[in-house]
Amino acid sequence: MKKTIVLLMILIFTLSSSLNGLAGDIPESLLHSEDAHIFFGEVLAYHPNKENPSIAVSPVAVIKGNVKEGTKQTYLNPNPVGDISIVEGKLYLFTYFDEVNPTDIFAVTTYDTRTLKLKNVEGAMWERFEKYLNEGKYGEAKIEGMMPYTVDIAYGIGGVVLCVVLVGLGFVMKKKIKPLM
């Protein structure tokens with residue numbers, strides 16, 4: 001009898017230790033959770049270096065969840081996904097599952113869920129998330145007349161104009177100052 005119990009325990013231990021744990025189920029968890037939030041939001045304040053990191057956001061367009069547009073929402077444990085720098089005043093795509101998990105923040109190519117692409121992210125999990133967004137499985141949202149990179153283009157043009165002006169001033173100053181030889 002003891003041998004049978006020991007063998008049964010060894011068999012149970014062996015079978016249970018060989019089970020695979022599934023990771024990377026964020027898109028599916030967001031899909032099936034009724035409490036999940038997915039929305040485009042404007043960053044009002046971002047505090048990544050506090051003891052309890054937080055981000056204050058004003059939702060602009062809700063894709064999924066019970067989130068009111070135009071209100072101030074504060075989320076703990078913000079997680080910028082990919083190689084992005086969060087800038088106050090800019091719009092990002094946010095996902096919130098619960099208070100235990102981080103609030104993921106994504107930079108996107110457009111604010112139309114049917115055509116958006118996630119910027120600076122890789123991996124099958126994020127490809128599935130992007131696919132579900134494009135297919136409208138979470139819901140649909142579109143912010144008319146705004147492009148995520150409009151501000152970046154304005155800063156880029158301003159930087160080029162500034163460089164041209166500085167180079168032009170350099171040439172003018174060089175012609176006015178004659179060598180003493």
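The side chains of Lys-117 and Glu-130 meet in a salt bridge, with 3.9 Å from N to O, where a salt bridge is defined as a side-chain nitrogen of Lys or Arg within 4 Å of a carboxyl oxygen of Asp or Glu. Helices (H or I, at least four residues) and strands (E, at least two) are DSSP runs, numbered from the N terminus.

Before I go on, please keep in mind that this is a predicted model, in which local features need pLDDT of at least 70 and side-chain atom pairs count only at pLDDT 80 or more, whereas totals for chains, interfaces and linings use all residues. Residues are numbered from 1 along each chain as its sequence is written, and side-chain values use heavy atoms, with hydrogens and water left out.

The cut-offs here are under 20% relative accessible area for buried, over 50% for exposed, and partly exposed in between, with a 1.4 Å probe and protein chains only.

A search of the whole structure finds 5 salt bridges. Another of them joins Glu-28 and Arg-128, whose closest N and O atoms are 2.8 Å apart. Since Glu-28 lies in helix H2 (residues 26-32) and Arg-128 in helix H3 (residues 124-135), the pair ties together parts that are 100 residues apart in sequence. Arg-128 is partly exposed, at 27% relative accessible area. Lys-137 is partly exposed at 46%, and Glu-135 is partly exposed at 42%.

Let me turn to the aromatic rings. The structure holds 9 aromatic pairs, where rings of Phe, Tyr and Trp (its six-membered ring) pair if their centres lie within 6.5 Å, and where planes under 30 degrees apart count as stacked, over 60 as edge-to-face and the rest as tilted. Phe-106 and Phe-129 form a tilted pair, 5.3 Å centre to centre with 35° between the planes. Phe-106 lies in strand E6 and Phe-129 in helix H3, so this pair ties together parts that are 23 residues apart in sequence. Phe-106 is buried, with a relative accessible area of 0%, and Phe-129 is buried, with a value of 0%. Phe-129 also pairs edge-to-face with Trp-126, at 6.1 Å centre to centre and 75° between the planes. Both Trp-126 and Phe-129 lie in helix H3, 3 residues apart, which is about one turn of the helix. Trp-126 counts as buried, at 12% relative accessibility.

Which residues make up the aromatic cluster? Phe-106, Trp-126, Phe-129, Tyr-132 and Tyr-138 form one cluster.

Finally, a word about Gly-82, which lies in the loop between strand E4 (78-80) and strand E5 (91-96). Gly-82 is partly exposed, with a relative accessible area of 38%. From C-alpha to C-alpha, Gly-82 and Ala-107 are 8.3 Å apart in space, although they are 25 residues apart in sequence.
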